[in-house]
Amino acid sequence: MRALGLAVLALWGLGTGKDAHHLLSGRWDAVWYARIAEDGYGYTLALGGGKVHSDLAFFPLLPWLERLLSSVLPLSAADAGLLVSAVSSLCAAAGIFAVGDRLHGRRAGVALVVLWAALPVGVVQSMAYSESLFTALAAWTLYAVLCGRWAAAGALAALAGLTRPVGAAVVAAVWVSAVVTLVRRRPGRAERGRVLAGVALAPLGWLAYVVWVGVRTGSPSGYLDVQGGWGNGFDGGLAFGAFVGRLLAGPAFPAGLALLVGVALVVWLYVTGVRRGQPLPLLVYSGTVLLLALTAKGYFGSKPRLMLPAFPLLLPLATALARLRASRAVPVAGAAALAAACYGAFWLNGSGPP
């Protein structure tokens, strides 16, 4: 499916005159990650309105991997980012399948991967962005929790915390699941030790980077201040609601309506997961991802991308797709993949960041 998306993007570029390789690796966040890989942290860009864009907003695991690969392979940092994204998307698909297979069987696991790959914003999985890397780490963390492999879950959560700010959602999934396990099951000493090891490991990556930014900026709220310089922050969704309201009240009404329908859909999927008894770690993780995305202000057009890692939301749809005969499921999946490929090409050829 990602190959289809890349093919459509390349063909689209023939008509627009835009190079697909550049769109995937040479714009927006990809440029910031590559600069960090090449020069380290310390770059800031002063803009009008008091905004100051600092590269400290970007967590370090992806640029570390870009730097490592570009030092041992004949690749630029940006191309190393594409390689990391490509490999990570495969690892993410494997982890997502493992979760779906464990909960609902092999067909549901395959359907879950197909739906995640065919999301309208799925083209981000092929960009030199950190979403694929983060989703891979999050998916395997959740699988480890479901299997009771607490030390592995804690280590993977720590890496996820070094990848994106929303790594806090992975930590929350590990912690809440651990508390419930300790309270309800009252495990023996050996298992209790493994659970506590996972609890201790899980936040280390996220905390280490946030504390390091605080030390570097000389402020306990350093990371929040950096995000504030980008116009980001949390206001309970007021700014996002006002943004949707402006779209609905103006000539961009169709876009506002589509955004409103999209939000309603993801909320409905989450509620459906709750009603169907989706495992607690998945509910905590996807719920936290949604909460952080929908209550943040700034870069409203990027919110669909920010929700991309919340793959457990797709489980109700995946189980429904898995129940269809192959003669019906394949055309449905194919149509979704083609629509996503076309939308992705349209999206990346726009003027704003995805």
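This is a predicted model: local features need pLDDT of at least 70, side-chain atom pairs count only at pLDDT 80 or more; totals for chains, interfaces and linings use all residues.

Residues are numbered from 1 along each chain as its sequence is written, and side-chain values use heavy atoms, with hydrogens and water left out.

Let me begin with the pockets. Rolling a probe the size of a water molecule over the atoms shows where empty space is left. The search runs on a 1 Å grid over the protein atoms alone: a cavity is a set of points where a 1.4 Å probe fits but cannot get out, a pocket is an open set with protein on both sides within 12 Å along at least five of seven lines, and lining residues have an atom within 4 Å of a point. Grid points are joined across faces, edges and corners, and a volume is the space filled by probe spheres set on the points. Helices (H or I, at least four residues) and strands (E, at least two) are DSSP runs, numbered from the N terminus.

The largest pocket holds about 1200 Å³ of space. It is lined by 40 residues, and the closest to its centre are Pro120, Val121, Leu259, Pro304 and Tyr343. Helices H13, H14, H16 and H18 each give two or more residues to this lining, and H14 gives the most, with eight. By class, the lining has 33 nonpolar, six polar and one charged residues, where Ala, Val, Leu, Ile, Met, Phe, Trp, Tyr, Cys and Pro count as nonpolar, Asp, Glu, Lys and Arg as charged, and the others, Gly among them, as polar.

The second largest pocket has about 940 Å³. Of its 40 lining residues, Arg164, Pro165, Gln227, Asn232 and Leu306 lie nearest the centre. Helix H12 supplies the largest share of this lining, four residues. Here the classes are 25 nonpolar, nine polar and six charged.

What of enclosed space? The count comes to one cavity of 30 Å³ or more, and the largest cavity has a volume of about 40 Å³. Its lining includes Met1, Arg2 and Gly5, and H18 gives the most to that lining, with three residues.

I turn now to helix H4. Its 12 residues, 61-72, should span 16 Å at 1.5 Å a residue, and the end C-alpha atoms are 17 Å apart, which agrees; the expected span is 1.5 Å times one less than the number of residues. Buried means under 20% relative accessible area, exposed over 50%, and partly exposed in between (1.4 Å probe, protein chains only). In H4 the buried residues are Leu61, Leu62, Pro63 and Glu66, and they pack against helices H3, H5, H7 and H8. H3 in turn has buried residues that include Trp32 and Tyr33, and Gly40, which follows H3, has a positive phi near 80°.

Leaving aside neighbours within four places in sequence, Glu131 is in contact (heavy atoms within 4.5 Å) with Val124, Arg164, Arg305 and Leu308. Its side chain makes a polar contact with that of Arg305 at 2.6 Å. A polar contact is a pair of N or O atoms within 3.5 Å; within protein, one must be able to donate a hydrogen and the other to accept it, and residues adjacent in sequence count only if both atoms are side-chain atoms.
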